[in-house]
Structures are given as structure tokens and as C-alpha cells.
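Dear colleague,

Please find the structure below, handed over for your study. My notes on it follow directly after.

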Amino acid sequence: AINYGVYGIDMAYTAFYGQNQNLLDYYSTAKKLSDNLGIGETFSKFTDSFRANEGNRDSLVKIIDRAYDETDKYLKANNRYITATHVITGAIIEAQYLSVELMKNREKTPENAEIFEKIFNNKLYVQNLISLMEEIKKDPDTGKLLSQLESLKMVFDTIKTSEDLNKDTLAKLSSELGKI
């Protein structure tokens with residue numbers, strides 16, 4: 001479920017950057033993961049739209065987003081809250097990881113200050129995920145994930161403002177995100 005969330009973000013990323021072969025590889029893997037999770041039917045509803053728009057990156061990103069939104073609704077409607085939580089966690093962590101990886105070797109400038117601010121604000125997502133997982137931590141996979149998120153939160157807690165983001169703090173975030 002975590003990897004399914006990760007692959008959703010990776011599909012959107014590769015669609016946005018026009019990496020069509022990688023996109024197809026991610027799609028194929030996400031399809032297999034959705035089948036293994038018993039949500040393949042929900043994912044497959046978007047296959048025709050996906051293929052029809054493979055050359056339009058904005059449409060692909062929207063289709064991928066809709067597919068994952070429908071998956072979330074399906075899981076919640078079927079009381080599969082742990083799976084839904086793991087999917088959203090995978091997506092949030094992967095989005096954070098990609099952001100940090102893109103910026104970790106860059107100095108903050110007026111042109112990229114907004115991205116640094118968004119990275120700083122990701123600490124709120126981490127806190128929200130921790131709160132959500134506290135409710136389901138008896139699940140062994142959730143307990144392990146919760147521990148990893150708490151380690152990530154400890155790094156975020158050392159960053160008081162977006163001005164504190166620099167190569168050193170981004171490297172620490174990158175390391176913790178990579179572990180997850």
C-alpha cells in the first residue's frame with residue numbers, strides 16, 4: 001500500500017516531465033500493486049483515459065490524481081482505513097522526498113524561495129500522519145512506519161523556519177525520507 005502511494009507520485013512526476021517509458025513502467029507496477037491490494041478494478045477504470053492522453057502531461061497528471069482519489073474513496077467506503085492510510089503516507093513521503101532531492105544541493109534564492117517554504121511546511125503533513133497513525137499503531141506495519149515518521153519529525157523539529165533550510169538540513173531530511 002505504501003509503495004502504491006509512492007508509485008502514484010512517481011507516475012505524476014514522470015508524466016509531468018514527459019518520461020513516457022518510465023511512466024509506462026510505473027503504471028505497470030502500480031497496476032500490479034493495485035491488483036495485489038484488491039483495488040485493481042478501481043485503478044483500471046482510468047486505463048482507457050490514461051492511454052488516450054499519454055501525450056498530454058497535464059491530463060495524465062489529472063488522471064493519475066483522480067485514480068488515486070477514487071482509490072482512497074473506495075478503501076474508506078470498504079473500511080480499509082489502514083490500507084488507505086498507508087497509500088496516502090507513501091504518496092506524501094514520496095512527494096516530500098522528490099522535493100528535497102531536487103533542492104538539496106541548491107542555495108535558497110528569491111526564485112526558489114517558495115519551494116523551500118513548501119518543504120518547510122511539509123512538517124505539518126508529517127505531524128498529521130503521525131496523529132493519524134497513532135490511532136492504528138497496533139498494526140505491525142503501521143507501528144514501524146510510525147516510528148520512521150517520528151524520526152523524520154525529529155529532524156523537522158530542528159528546523160524552526162524556512163530560513164533554517166540549507167544543504168545540511170536538507171541532507172538530513174533526505175536521509176530520513178530515504179529510510180522511509
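Ser151 is partly exposed, with a relative accessibility of 30%; on the scale used here, buried means under 20% relative accessible area, exposed means over 50%, and partly exposed lies in between (1.4 Å probe, protein chains only). Ser151 belongs to helix H8, which covers residues 140-157. Helices are DSSP runs of H or I with at least four residues, numbered from the N terminus. From Ser151 to Leu173 the distance is 9.9 Å in space, C-alpha to C-alpha, and 22 residues in sequence.

Please note that this is a predicted model, in which local features need pLDDT of at least 70 and side-chain atom pairs count only at pLDDT 80 or more, while totals for chains, interfaces and linings use all residues. Residues are numbered from 1 along each chain as its sequence is written, and side-chain values use heavy atoms, with hydrogens and water left out.

Is Tyr4 buried or exposed? Its relative accessibility is 0%, so Tyr4 counts as buried. Apart from neighbours within four places in sequence, the contacts of Tyr4 (heavy atoms within 4.5 Å) are Ala30, Leu33, Ser34, Leu37, Ile39, Phe43, Tyr68, Thr71 and Val87. One of these, Ser34, lies in helix H2 and is buried as well, with a relative accessible area of 0%. Not counting residues up to four places away in sequence, Ser34 touches Tyr4, Ile39, Gly40 and Phe43.

Three aromatic pairs are found in a search of the whole structure. Rings of Phe, Tyr and Trp (its six-membered ring) pair if their centres lie within 6.5 Å; planes under 30 degrees apart count as stacked, over 60 as edge-to-face and the rest as tilted. Tyr4 and Tyr68 form a stacked pair, at 4.5 Å centre to centre and with 25° between the planes. Because Tyr4 is in helix H1 and Tyr68 in helix H5, this pair ties together parts that are 64 residues apart in sequence. Tyr68 counts as buried, at 13% relative accessibility.

Axes are lines fitted to C-alpha atoms, for helices over the stretch in contact, and angles run from 0 to 180 degrees between N-to-C directions. Helix H1 (residues 2-16) and helix H2 (residues 20-36) have axes that come within 9 Å and cross at roughly 160°. The two helices are therefore roughly antiparallel; angles under 35 degrees count as roughly parallel, over 145 as roughly antiparallel, 65 to 115 as roughly perpendicular and the rest as oblique. On the H1 side the contact includes Asn3, Tyr4 and Tyr7, and on the H2 side Tyr26, Leu33 and Ser34 are among the residues involved. The residues of this contact divide into nine nonpolar, five polar and one charged. Here Ala, Val, Leu, Ile, Met, Phe, Trp, Tyr, Cys and Pro count as nonpolar, Asp, Glu, Lys and Arg as charged, and the others, Gly among them, as polar.

H1 also packs against H6, at an angle of about 45° and with the axes 6 Å apart, which makes H1 oblique to H6. Among the residues that meet are Ile2, Tyr4 and Ile9 in H1 and Val87, Ala91 and Leu98 in H6. This contact of H1 with H6 comprises ten nonpolar, three polar and two charged residues.

Finally, Asn79 has a positive phi of about 55° although it is not a glycine. Asn79 sits in the loop between helix H5 (57-77) and helix H6 (81-103), and is exposed, with a relative accessible area of 57%.

With kind regards
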